[in-house]
Amino acid sequence: MIRSLISSLAVGLAAFSAAPTAAAEPVAILGEKVWTGTAQGTLTNGVVVIDNGRIVSVGTGAAPAGMPQVKAEWVTPGLISAFSRTGIAEVPGEKSANDTGAGGSPFSAALNAADGFNPDATPIAVTRLEGFTRIAVAPDARAKLFAGQGFLADTSGLPGSVFKDRAFAFVVLGERGASLSGGSRPAAWAALRGAFDDVRFFTARYMTHNDGNVLTRMDAQAFMPAVKGDQLILIEARRTSDLEAIMDFKQENPMLKIAIVGADEGWRVADRLAAMKIPVIVDAFSNLPASFSQLAATSENAGRLAKAGVPVAIVNLDDSSHQARLATQIAGNAVANGLPFDTAMKALTTVPAEIFGMSSLGVLAPGARADVVAWDGDPLEITSAPTAVFIDGVSEPMESRQTKLRDRYLSLDHTDRPLAYKH
Amino acid sequence: MKKLLLSAGLGVCLALGACGGSGDGKKKDDVPRVFDPFPSTYAAYPSAPTLITNATVLDGKGGLIEGGSVLIEGGKIMAVGTDLTAPEGAVTVNAAGKWVTPGIIDNHSHLGASPSPGVDAHGDGNEVSGPVTAEVWVEHSVWPQDPGFTRALAGGITSLQILPGSANLFGGRGVVLKNVPARSVQEMKFPGAPHTLKMACGENPKRVYGYGRGAFPGGAPYSRMGNVAGYRTAWIEATDYKKKWDKFLDGEGEQPARNLELETLAGALNGDILVHMHCYRADEMAVILDLSKEFGYKVASFHHAVEAYKIADKLAEYGTCSSMWADWWGFKMEAYDGIRENIPMVHNAGACAIVHSDSDIGIQRLNQEAAKAWSDGKRAGIDIPIEVAWQWLSLNPAKSLGIEDKTGSLEPGKMADVVVWSANPFSVYAQAEQVYIDGALMYDRNDPAIQPVMDFELGQPGEGDKK
């Protein structure tokens, strides 16, 4: 209730908001092209009707008479960032304004990124303005290879925008995991297996101690759902041998729910990933031997993985706190390098929704939550931008600290008063 | 006269790279001033006369020609127009539906100096040992086998400036390269390009020397005011050094002892070495503009310049460039006020705008970075024709590097540094199909034989793969 009140207020104040209505009222969103993410495919001259936070209908033909309309060149579901640090770091370079990780903490798997989430963080609006309505937010591993617990949020910037706390555990293997574990891959794997052991023998192990082989009592408790297969584990890894080792581990522990982050050399094991139904979250810009774990990196990685049948989500791993929004550009480049357009769109919508179990998101379908974006062109094209963004049917303000700075300085004339009086 | 002599000392020697010799130090021709002992040995690769036809041509100086042709002969642009005929024996490239532009010039790269793979042993990008290291030359760090050069080539980069890092107030000399695979950096050095000097404002120097690195209470600078005092102290020393050499070159007194640090700074003071300054905040750039006037040098370009939009009028009036990202922001305090319209707003104020990368990923698609900024400007009411915006990618960076008389636009007589794009290069789906450097086809997306593979990648997974 409070939230919807605040939302209506925000809509009223938004200078560039294309939607004329508040949350509860129905809106018809018309697109020359409507990408649905369902069997309906891409509609020409499509109409998406939303009401009361849900999508009512998706089709072609005339919009319901008398209903407020938003018109756009393209209409898509709200985009989903499958891996970000958006909202947990205001300024990554400033320790006081960065809650992504904690090198000095005695805890690891128990660190809950949602405890550091700030819906007021400026990157939230900046990310929303580019069409992202949902974000998966992961902590960063600083002390151990167990980074902690990630969460799912919307980008409304309002209190209560975290809609799934402890949505996944994040674990770092490969070179980074090795260095976080004392210096080698064997040490990382020993830590991971030891942690599994701690969880499995939890009762006996922690009866009289607070420490296990690897994890403290609190960490073991937090890691338990992941070990039992009740919670998704995101694992960062790049090199072919690391990916194979993860798949071997999954074979030994079939109950595990795993998705791999990075997978720069994933194309070399694409068939096995596909057979094991392990999704990957890739940064399709990776095409350099930036480390000895990325020698076979290629801009065709996403395309080859998808062709083999691996579910592929596309993200920006380079600056995941402030530039998660660049995933559209990265996906566009993946298309230029062989990924079908439709698959690239799914990498920003349905695949992340599936990986994180976000039901009724990532698609334009009757009954789905009304996360809808209206665009002035092809959503993957670098010259396109959203003209309206709806989250749960609420038309979001198309304003950020960046647009305010822009508007202040568009004219540098300060003859009468300093520019600080322009706001 | 004195001025002439000085440029003979620091300028001509740089250009010709053959200024050795010894003498009594009294005659200008005999002065032992080996100012560029590492001269360019770059030579253009063989090229056939080539006529690229039926393309949308952006000439790089603001023109767009539909159904345009570009004629290349002897490694130079011979003609650009709509009605060109191929000379006998010329290769004809039918570029129907494609776009042709000048090669992209990135004036801010660390390729070779901070190469792939980024292992400890490759950390050659920054001589962090002191706040003033004007004596180092980044070319001595450049590893020509960096695979990053080949990825940049596939993105249409034909020339680039390699800079030392930004830890120091004075980071050392930069170097301008032709993006041609080579065995040594000398074989890449852009013939006749002036040397450059990297300086840095703001957070980096004060973090590295003041309170970082466990050196508390450590050395100077600790603060932005310490940064400025550091520049001024060094410039004062350099001014004295330059005076001594001026005198000597005028035939007075003994030959002064050479000092590598001050030699670089003196070269910047007399205009032979171009100053490139890493600076994010508007207020700091304003201080640097005055500082440069105090000592009589000129800033060729502010790099990163995340807040250039706030003082675009002052930058235009002074006549310097800003080398900018399209949308990087917020990763540190001095980048907090980054906006997507920075580049078009700087351009719109009449200042020189440049799209730069500072990244081995970003350098691969500077055309896309320009496109983002261009479209964001358009949405904010700044409508710049695409053919004018292309100056951010070629001609303006060439100006900032002092090579605009040689490359940066498709004009007769200039180096034939040319890119054929599969489509409008302001689209995410466009790719560089052919890249010519001095008329030689150095990259062809459709021909694996014309795609370089660096030594490091031989015998490794992914060798010769599509990158």
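Tutor: Start with L71(B), whose bridge partner in β3(B) is A79(B). Keep in mind that this is a predicted model. The bridge belongs to an antiparallel pairing of β2(B) with strand β3, residues 76–81 of chain B, which runs over five bridges. Two residues separate β2(B) and β3(B) in their hairpin. One turn residue, G74(B), has a positive phi of about 60°.

Now go to the other partner of β2(B). Strand β1 (residues 50–58) of chain B pairs with β2 (residues 64–73) of chain B, again in the antiparallel sense, over six bridges. Here V57(B) stands opposite I65(B) of β2(B). The hairpin of β1(B) and β2(B) has five residues between the strands. In that hairpin, G60(B) takes a positive phi near 90°.

Next, how chain B meets chain A. The contact involves 42 residues of chain B and 39 residues of chain A. On the chain B side, α2 (148–154), α7 (312–318) and α9 (366–379) each supply at least two residues. The largest share comes from α9(B), with five residues. By class, this side has 18 nonpolar, ten polar and 14 charged residues.

Then the packing inside. The largest nonpolar core has 260 residues. Among those with the most contacts inside this core are V48(A), V171(A), F223(A), I260(A) and V312(A). Helix α4 (residues 224–249) of chain B gives the most to this core, seven residues. There is also a second, separate core of five residues, which includes A290(A), L295(A), A296(A) and A297(A). In soluble globular proteins, nonpolar side chains tend to be buried together.

Take V48(A) as an example. Beyond its neighbours within four places in sequence, V48(A) is in contact with I29(A), V34(A), I55(A), V58(A), V75(A), L364(A) and V372(A).

V280(A) is a second example. It lies in strand β11 (residues 280–282) of chain A. V280(A) counts as buried because it has 29 C-beta neighbours inside 10 Å, and the cut-off is 20 or more. Not counting residues up to four places away in sequence, V280(A) touches A259(A), I260(A), A263(A), G266(A), L273(A), L305(A), V310(A) and V312(A). A136(A) is 144 residues from V280(A) in sequence, and their C-alpha atoms are 14 Å apart in space.

Chain A is divided into domain 1 (2–78 + 369–407) and domain 2 (79–184 + 229–355). The C-alpha centres of these two domains of chain A lie 27 Å apart. Across the boundary, 21 residues of domain 1 are in contact with 25 residues of domain 2. On the domain 1 side, α1 (2–13), β14 (386–391) and α13 of chain A each supply at least two residues. The largest share, three residues, comes from β14(A). By class, the domain 1 side has eleven nonpolar, four polar and six charged residues.

Finish with α13(A), residues 401–409. Its buried residues are Q402(A), T403(A), R406(A) and Y409(A). They cover an arc of only 135° around the axis, so they lie on the same side of α13(A). An α-helix has 3.6 residues a turn, so residues three or four places apart point the same way. The cover over the buried residues of α13(A) includes α2 (122–128) of chain A and α8 (342–348) of chain B.

Note on methods. Residues are numbered from 1 along each chain as its sequence is written. Chains are lettered from A and ligands numbered from 1 in the order in which they are written. This is a predicted model: local features need pLDDT of at least 70, side-chain atom pairs count only at pLDDT 80 or more; totals for chains, interfaces and linings use all residues. A nonpolar core is a set of buried Ala, Val, Leu, Ile, Met, Phe, Trp, Tyr and Cys residues joined through C-beta atoms within 7 Å. A residue is buried if 20 or more other C-beta atoms lie within 10 Å of its own, exposed if 12 or fewer, and partly exposed in between; C-beta atoms are placed from the backbone. Helices (H or I, at least four residues) and strands (E, at least two) are DSSP runs, numbered from the N terminus. Two residues are in contact if their C-beta atoms, placed from the backbone, lie within 7 Å. The arc is that of the directions from the helix axis to the C-beta atoms. Two strands pair if DSSP finds at least two bridges between them. Ala, Val, Leu, Ile, Met, Phe, Trp, Tyr, Cys and Pro count as nonpolar, Asp, Glu, Lys and Arg as charged, and the others, Gly among them, as polar. Domain bounds come from an automatic or database domain assignment.
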